[in-house]
Amino acid sequence: MFSVLAGCSRPGARHFAALDRAIERQEEYDLLHDRIQDSLRTEALRSGSDSARWEAVYALESFFFYHDIDSCYAAVREMLSLSGSDSRQRRIGESCYANILYKMDSLDAALRVLQRIDTVAMPEEAFNIYCFAGYHIYTRLAQTAPEYQAARRRIVDRWWRGDSTRIDCASYHNEMLRLDGEPGDAVGRLRACVLKSPNDTAKANYFLAKEYLYRGETERAVKYFAASAECDMRLSVKAYNALYELALILFRTGDIERADRYLRITLKDAYSSHYESRYDDVIQSELAVMNALLEQQRQKRRAYFTTIIAIALLLVVAVVFLVILSRYSSRLNLSRRKLSEVSKIKDNFLANYMEKCVDYLNKVDEYRSSLRRAVRQDGPEAVVAMLRHPSFADGEFNGLLAYFDSAFLGIFPDFVDKVNAEMQPQYRLEMPAKGVLSTELRILALIRMGISRRMKIAKVLNMSVTTVYSYHSNLQKHSLHPHDGFDRIIANL
């Protein structure tokens with residue numbers, strides 16, 4: 001079944017050339033992807049019945065899964081609303097819902113959805129999606145709660161017994177065998193799989209590369225990672241791993257410039273897909289590559305200046321050093337200004353935070369004192385009556401938000417005007433009152449402060465991750481940058 005893979009990669013260094021050509025044509029592939037997307041959307045809109053519309057939306061969901069997490073989420077929600085009493089459609093929709101919630105880092109919600117799915121006499125299509133989602137959800141849970149290891153093993157074993165020809169099922173089964181110390185012919189099991197789509201081909205190359213990397217055969221791993229990445233480029237996939245893994249290997253083996261180029265493409269596509277769980281890993285890797293490149297540049301400069309000193313007159317060398325010193329002084333002054341701004345933000349928020357903590361502790365102490373007085377004077381029934389009343393803590397969160405608004409606007413007084421300059425005229429944002437930010441503006445304010453992950457924003461603002469996604473999606477859609485770069489622009493205001 002792997003004869004198809006030979007066309008995606010060639011031995012030696014030539015597979016890099018094939019991958020680079022695919023990267024150069026990425027814009028062309030993206031345009032083709034957009035045309036297919038428009039065609040699927042048109043088909044969904046023209047569907048005459050709920051059942052036909054469900055099938056069209058399901059095709060959209062499958063299409064978006066590796067391209068845009070927000071669009072995929074919207075399609076899954078529409079699938080659930082259209083499924084009605086149809087058992088097949090409902091089970092596929094629920095399995096897709098668990099899968100997309102996991103992708104959005106809503107792990108607890110994904111687990112709840114997964115556990116309520118009825119798997120008795122489950123259709124094969126729904127069962128495969130259910131097992132795929134279950135494996136990833138239980139894998140993440142097992143990192144902090146080992147009791148989920150058994151659940152992960154059960155779902156992989158059940159999937160393997162149901163369909164051992166699926167490429168992802170075979171890879172996860174290999175992982176279970178490896179944990180048991182019985183890997184056997186892991187590569188052979190992958191090669192025996194049936195590849196039903198171009199996405200399967202990309203996955204097959206990726207999983208095979210991982211097996212060779214585990215066995216220490218780095219050259220073969222590079223070959224198959226490059227083949228998988230080439231397929232991803234041709235499919236206009238944005239949420240991929242192959243190019244990222246390839247860049248890490250190239251970095252470790254000293255091909256720093258190529259690793260840097262591939263990581264930059266990975267980061268751009270990760271932002272494009274809104275695939276947040278990838279951001280931190282890619283950024284950390286890019287920082288390591290940048291440091292290595294800077295070190296190379298420093299070494300080149302040292303060699304260059306040594307040669308100049310050996311062949312040039314002292315006066316010329318002095319002038320050169322003065323010019324260089326001037327340039328670095330300007331950069332240093334710019335860096336100092338930026339550090340000063342960061343320090344100002346930190347000091348302001350730290351002061352507000354400490355003041356709020358002290359106020360809160362004092363109120364807690366006062367509240368405890370009132371409870372003790374109530375017990376002494378009127379008995380336990382008085383305490384119960386007090387507990388039925390709203391707690392002083394109910395108003396604390398609003399006070400905390402007021403502190404946040406005041407501190408933030410004190411540092412960035414023209415933030416709202418700058419935001420509105422990036423929004424469509426009819427969707428410009430206003431403050432509910434002077435010095436008070438709306439929920440949308442608070443989300444953008446947190447992004448400006450460097451808090452971009454939706455889960456962290458949800459925790460700070462005491463709302464659900466899904467609500468944050470909904471607000472953010474509307475903001476981006478109504479901005480002057482609905483397709484790309486919105487968060488980056490807000491972060492730099």
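Predicted model: local features only at pLDDT ≥ 70, side-chain atom pairs only at ≥ 80, totals over all residues.
**Exercise 1. Is Asp-405 buried or exposed? List what Asp-405 touches.**

Solution. 
- Step 1: Locate the residue. Asp-405 sits in helix H18, residues 396-411.
- Step 2: Read the accessibility. Asp-405 has 1% relative accessibility. The cut-off for buried is under 20%, so Asp-405 is buried.
- Step 3: List the contacts, leaving out residues up to four places away in sequence. Asp-405 then touches Gly-435, Val-436, Leu-437 and Arg-442.

**Exercise 2. Examine the backbone of Ala-121 and Asn-462.**

Solution. 
- Step 1: Recall the background. Most residues other than glycine have a negative phi.
- Step 2: Read the angles. Ala-121 has a positive phi, near 50°. Phi of Asn-462 is also positive, about 60°. Neither residue is a glycine.
- Step 3: Ala-121 lies in the loop between helix H6 (107-115) and helix H7 (124-142). Asn-462 lies in the loop between helix H21 (454-461) and helix H22 (465-477).
- Step 4: Check exposure. Ala-121 is exposed, at 73% relative accessible area. Asn-462 is exposed too, at 59%.

**Exercise 3. Describe how helices H12 and H13 pack.**

Solution. 
- Step 1: Two packed helices are described by the angle between their axes and the distance between the axes.
- Step 2: Apply them. H12 (residues 218-234) and H13 (residues 242-252) pack at about 145°. Their axes are 8 Å apart.
- Step 3: Assign the hand. The crossing is left-handed.
- Step 4: Name the contact residues. H12 contributes Thr-218, Val-222, Phe-225, Ala-226, Ser-228, Ala-229, Asp-232 and Met-233. H13 contributes Ala-242, Leu-243, Glu-245, Leu-246 and Ile-249.

**Exercise 4. Summarise the chain: how many helices and strands does it have?**

Solution. 
- Step 1: Count the elements. The chain has 23 helices and 0 strands.
- Step 2: Of the 493 residues, 45% are buried.
- Step 3: Sort the contacts. Residues 24 or more positions apart account for 62% of them.
- Step 4: Describe the surface. The accessible surface comes to about 26,500 Å². Carbon and sulfur atoms hold 55% of that area.

Note on methods. Residues numbered from 1 in each chain as written. Heavy atoms only, no water. Helix = DSSP H or I, 4+ residues; strand = E, 2+ residues; numbered from the N terminus. Buried < 20%, exposed > 50% of the residue type's maximum accessible area, 1.4 Å probe, protein only. Contact = heavy atoms within 4.5 Å. Axes fitted to C-alpha atoms, helices over the stretch in contact; angles between N-to-C directions. Left-handed = near helix turned anticlockwise from the far one by under 90°. Areas by Shrake-Rupley, 256 points an atom, 1.4 Å probe, with all protein chains shown as cover.
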